[in-house]
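Subject: Structure for your review

Dear colleague,

Please find below the structure that I am handing over to you.

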Amino acid sequence: MLRLSSILLLAAGLIMAAWFFSPRPSVSNHLEAQEIQAAQREEFAQDRNLPKAQNVSPAAFDGERAMKYLKEICEIGPRTSGSEGMKTQQALMKKHFEAQGGKVDFQKFKANQKSAKQPIEMANTIVSYWPERTRRVIFCAHYDTRPLADQEEDPRKWREPFLSANDGGSGVAFLMELAHHIKDLNINVGVDFVFFDGEEYILEPSTDKYFFGSEHFASVYKNGRPKHKYLGAVLLDMIAGKGARFPRDPNSVMMAGPLVDSVWKVASELKCNAFVHRDGTVVVDDDHVPLNRAGIPAIDIIDFSYKHWHKLSDTPANCAAEPMDEVAKVLTVWVQRVK
Ligand SMILES: [Zn+2]
């Protein structure tokens, strides 16, 4: 009995630990997810049944040049919210995206982190293509880096300069490269690249809150009177890890199932094997959740098996062009099919 109960205790302990350490499920119950999804179901219904023969080619995306951008961003150093590094990054992005024909806006706001003495200035960066179009889609990523590398076993290392190449850098580098091609695609809707600030401005891991930027963006959209309608959003998080794999994030499936289907269907047509046709084991709480709650169907393409997550070793050396090439193939075909 002793043995059995220790096994049971061990099992209970493991379950508790797994619950404690995994990102929190983001919806309080299935009912909420079902309501959100029912409201969105029609948006991609038209897209799902398009004939395969539709003549759409992927962009000539250059993953190696995206890697160059990734290194350039990491050379700035940490880009935590409110830091000089973030300001330098914003200036670099503004120059780059304007040179590539994007309209760049900073959506500024103040954020009050629980453990911080003062509120700080944050800004989402929004790069718009075809700004006059009222039916739009979003490609987004967070562009702040975490102040603490708190997956390092030795807490003395947590405050060392943390580059966060894949987690915070890869989405920026990917969209900087995509900017070279987006205008040449045969796209019927407007496109916004949205970079969220304050996704992980975590100074005190036990109390602090996430997702300042995406929550602000979502509330401005939901509570304002926007002239445009967002048909869908694709969030890119940790897309450049070597050997990256993208199973379907369970939260995305629950909250924006038709959009997940339409993207993973393109991946299977194009034989992009980084996209895995099963649900992931981690329910990811990320910037796509506030968007779904504001009525924008939003999914997360994320590699949660990345071994360097929140470690000092999250550097360009552990990233590669290939996963970004695959994501670009899938998304540039997908976006040309959206009506
Ligand atoms: Zn992170």
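Phe-275 is buried, its relative accessible area being 2%. Please bear in mind throughout that the model is a predicted one.

The ring partner of Phe-275 is Phe-246, and the two form a tilted aromatic pair, with 5.5 Å from centre to centre and 55 degrees between the planes. Because Phe-246 belongs to strand 6 (residues 246-248) and Phe-275 to strand 7 (residues 275-279), this pair ties together parts that are 29 residues apart in sequence. Phe-246 also counts as buried, at 0% relative accessibility.

Aromatic pairs elsewhere

Over the whole structure, the search finds 15 aromatic pairs. One of them joins Phe-97 and Phe-195: the ring centres are 5.6 Å apart and the planes stand at 40 degrees, so this pair is tilted.

Charges over rings

Two lysines deserve mention here. The charged end of Lys-68 sits over the ring of Tyr-69, at 5.9 Å from the ring centre. For Lys-209, the charged end sits over the ring of Phe-212, and the distance to the ring centre is 4.7 Å.

The second largest pocket

The second largest pocket holds about 280 Å³ of space. It is lined by 16 residues, of which Gln-107, Ile-126, Phe-217, His-228 and Tyr-230 are the closest to the pocket centre. Which elements each supply at least two residues of this lining? They are strand 1 (103-111), strand 2 (120-129) and helix 7 (212-223). Sorted by class, the lining of the second largest pocket comprises seven nonpolar, four polar and five charged residues.

With kind regards

Conventions:
Residues are numbered from 1 along each chain as its sequence is written. This is a predicted model: local features need pLDDT of at least 70, side-chain atom pairs count only at pLDDT 80 or more; totals for chains, interfaces and linings use all residues. Side-chain values use heavy atoms; hydrogens and water are left out. On a 1 Å grid over the protein atoms alone, a cavity is a set of points where a 1.4 Å probe fits but cannot get out, and a pocket is an open set with protein on both sides within 12 Å along at least five of seven lines; lining residues have an atom within 4 Å of a point. Grid points are joined across faces, edges and corners, and a volume is the space filled by probe spheres set on the points. Helices (H or I, at least four residues) and strands (E, at least two) are DSSP runs, numbered from the N terminus. Ala, Val, Leu, Ile, Met, Phe, Trp, Tyr, Cys and Pro count as nonpolar, Asp, Glu, Lys and Arg as charged, and the others, Gly among them, as polar. Rings of Phe, Tyr and Trp (its six-membered ring) pair if their centres lie within 6.5 Å; planes under 30 degrees apart count as stacked, over 60 as edge-to-face and the rest as tilted. Buried means under 20% relative accessible area, exposed over 50%, partly exposed in between (1.4 Å probe, protein chains only). A charge sits over a ring if NZ of Lys or CZ of Arg is within 6 Å of the ring centre and within 35 degrees of the ring normal.
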